[in-house]
Amino acid sequence: MGAMVQLDRVEKRYGAHAALAGVSLTLEAGEFVALVGGSGSGKTTLLKTINRLLLPDTGVVRVEGRDYATAPPHQLRRRIGYVFQEVGLFPHLTVAENVAVTPKLLGWDAGRRAARVDELLDLVALPREVAQRSPDALSGGQRQRVGVARALAAEPKLMLMDEPFGALDPLTRDQLGSDYRALHERLGLTTVLVTHDMAEAVLLADRIVVLQAGRILADGAPAALLASSTDPDVRGLLEAPKRQAERLHARLGGPA
Amino acid sequence: MNGAFDAALALLPEYLAWHVVLSASALLLGAAISLPLGVAAARSARLRWPVLAFASLIQTIPSLALLALFFPILLAASALSVATFGRGFSALGFLPSLLALTLYSMLPMLRNAAAGVGGVDPAIREAADGVGMTPRQRLFQVELPLAAPIIMAGVRTAAVWTIGAATLSTPVGQTSLGNYIFAGLQTENWIFVLFGCAASAGLALAADQLLGLVEAGVRRRRRVLVTAGAAGLLLGALLAVTPLASFGRPAAYTVGAKNFSEQYILAELMAARLERAGAEVRRKEDLGSAVAYRALAAGEIDAYVDYSGTLWTNVLKRTDNPGRQAVLDGLTAELKRRDGVLVLGSLGFENAYAFAMRGDRARALGVASLEDLARQAPNLTFGSDLEFLSRPEWKAVEAAYGLRFARQRSFQPTFMYRALSGGDADVISAFSSDGRIAADRLVVLTDPKGAIPPYDAVILVSPKRANDRRLLSALQPLVGAIPVEAMREANYTVDRDQQKLTPATAAQAVERSLRTP
């Protein structure tokens, strides 16, 4: 499999502040990559340069080998699934219309769209009855499932997710995270997940990219990072969830 | 009582139709301008401030003044168009009213469009970009549908404002429900005033409710409500406008009148004569003094009655007073030469500005002439009509006698007489043909220095009708045929409080008493 996304010395500045200070990164097709870092580290900026919601000041971003800098951005975005914390379902449309919005923009006929909506509701484990409901009538977890279904509707190969489960309660979050990981496998997706929660990154991703002040601090598989990284910040970030898990285990008891 | 109500009801189809046509056109035009502008303002902070500030500024201009301002602007534009394209357009009536009301309707629609589109949740906007909408798709599929309830609320407010303000288009010569109010106020026909208010309020209320239905439909995403409201609006507008299908064909003649009873009566008198000669006649009433002459010279009205002194000072800008006949002869020659306007002749009476006092008060103060008045003036209150104090006649009298009053107050003519009899004014600027001078036993002060020019009532005919045989032969018999007593009597029957006659009925009485020369 080839490179799905390539960033080559990408810079993005806001006045004197560099949100991205020359980042180069290659994401292979089929990878599940977590972008981790504190607020202001540049992780969301990096994600948004991939589907051109933000335009880099310098540097090149390639998706499936192509530089879309001169193409209209909507053409690129229709090929990429995008999920973010606020979900952003259209309140004036039904669940089914929300899910089918990108296929409609691509000109799919009504029959094909309806079949796709049913298929996607099954895929994200929502009952088909919700199709005709308004997004307001759903719980937070259900809304984000619709958000994932909408992102998957036009059969993208690449999914960009910006703190997608951040606003959900821990139980729903855990359930949705593992459900999505299964979808990633089943559909053969490439996923880029932005999170500030190292535990979530370790649990879901194959590869973790740690950002700080617009630069890549560390990049590797979770276990490899813990074993090899000498940077105290990276170690701190990785050890925190481990310590927390050990403390939880000690307090709650259970098989050693 | 019943007579006035029936008379009002008979006029309703025409007044309502014009009112609906005018306010609907202004609202549609206003929406066509302000909605795109509001959307653009929501996007660009640089545009937002000037656009909203301009719309607010318009709102601070009193609506009557806004309407009046468009007349000279359009007159100039029309003159320019004549010079460049050889064709002018009417500066009176529909066009100035439409433009002023359009401007007036814009603020609520602009403000709400900007607020509605600007207020869409940024997360939803990001989602629209994320799913691959173009900026245009985002606007039409997401932002506008979400802003629609707020935009509709703005349209609703604009509709109510516009329908209310459209009553003010009467003085610039556009028929509307305001005709009831202006004519009623002038002749103290309170049934007319109430009828006009009720009709325009009813219309505003109906439009507001139907638009409310559309708004509710948009808010609750119920297409049935939107369709029902829109259909109601369309049907109502069509029904209201149908009478114009017959009124719509151009009347053969348009007779003008300024805004007081004598003018209404004389316009009815001329109109009745033309109608008896088989012509279609339209009335344009409540025209301002300067508006009336310009409208005649431009051919927008065909005939009206003006007064020699008014024309002498205001149109020809003369300050001398060479005597009654010399003024008449001078006008006849000069108006013909300058504007092509035909002075058909004097009706036979004068309606001069006259300084009048209550008889008892004049005797107590020993005032019989303007010279006597000048001595007492520093202790007295002067009540005038709305335009007298800015007219050259007043400047002439003020200069000739050195009049300095303790206070000066302006009134509608009707209320001016009330103020005199109630003691709120000691002297008023009356009109010599006014029936109330005799009825209220007022004393008219003499003018020993001849500072007030003569005011013979004259029929003026527009340049394009100057050789129109039918019009001239219908109006010619009025020349020299109306004695001042007959005019005073007729004016009084319209102005008095009890058993009032309509101007049309009073005109019939004048017709019967015409003096054959």
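Predicted model: local features only at pLDDT ≥ 70, side-chain atom pairs only at ≥ 80, totals over all residues.

Q: How many bridges join S6(B) to S7(B)?

A: Strand S6 (residues 381–385) of chain B is joined to S7(B) by five bridges, and the two run parallel. As an example of residues facing each other, Thr381(B) stands opposite Arg407(B) in S7(B).

Q: What is the strand order of the open sheet in chain A?

A: The order is S6-S7-S8-S3-S9-S10 (chain A), an open sheet of six strands with mixed pairing. Strand S6 (80–84) and strand S10 (215–220) of chain A stand at the edges; each has a single partner strand, so one side of each is left without a neighbour in the sheet. The twist of this sheet averages 15° from one strand to the next.

Q: In what sense do S3(A) and S9(A) pair, parallel or antiparallel?

A: Strand S3 (residues 32–36) of chain A and strand S9 (residues 207–212) of chain A pair in the parallel sense, over four bridges. Within this pairing, Val33(A) has Arg207(A) in S9(A) as its bridge partner. Helix H1 (residues 43–50) of chain A lies across S3, strand S7 (158–162), strand S8 (190–195) and S9 of chain A, and runs at about 150° to S8(A).

Q: How does one describe two packed helices?

A: The description uses the angle between their axes and the distance between the axes. In chain B, helix H4 (residues 94–118) and helix H6 (residues 135–165) pack at an angle of about 160°, with their axes 8 Å apart. Angles over 145 degrees count as roughly antiparallel, and H4(B) and H6(B) are therefore roughly antiparallel to each other. The crossing in which H4(B) passes H6(B) is right-handed. Residues of H4(B) that take part include Leu101(B), Tyr104(B) and Met109(B), and those they meet in H6(B) include Ile150(B), Ile151(B) and Trp161(B).

Q: Is helix H7 of chain B largely enclosed or left open?

A: Burial is judged by how many other C-beta atoms lie within 10 Å, with 20 or more counting as buried. Eight of the nine residues of helix H7 (residues 178–186) of chain B are buried, so H7(B) is largely enclosed by the rest of the structure. Among them are Tyr180(B), Ile181(B) and Phe182(B). Just after H7(B), Glu188(B) takes a positive phi of about 55°.

Q: Is Gly2(A) buried or exposed?

A: Gly2(A) is found in the segment before strand S1 (3–14) of chain A. With 9 other C-beta atoms within 10 Å, Gly2(A) is exposed. Leaving aside neighbours within four places in sequence, Gly2(A) is in contact with Ala29(A) and Gly65(A). Gly2(A) and Leu25(A) are 23 residues apart in sequence, and their C-alpha atoms are 14 Å apart in space.

Q: How many residues of chain B are in contact with chain A?

A: On the side of chain B there are 15 residues, in contact with 15 residues of chain A. Helix H5 (122–130) and H6 of chain B are the elements that give two or more residues to this side of chain B. The largest share, six residues, comes from H5(B).

Q: What can be said of each chain as a whole?

A: Chain A has ten helices and ten strands, and 39% of its 256 residues count as buried. For 256 residues, a compact globule would have a radius of gyration near 18 Å, and the 19 Å of chain A agrees. Chain B has 22 helices and ten strands, and 47% of its 517 residues count as buried. The C-alpha atoms of chain B fill a box of roughly 90 × 55 × 50 Å along the principal axes.

Key: Residues numbered from 1 in each chain as written. Chains lettered and ligands numbered in written order. Rg over C-alpha atoms; globule rule 2.2 N^0.38 Å. Buried ≥ 20, exposed ≤ 12 C-beta atoms within 10 Å, placed from the backbone. Pairing = 2+ DSSP bridges. Axes fitted to C-alpha atoms, helices over the stretch in contact; angles between N-to-C directions. Contact = placed C-beta atoms within 7 Å. Parallel < 35°, antiparallel > 145°, perpendicular 65-115°, else oblique. Left-handed = near helix turned anticlockwise from the far one by under 90°.
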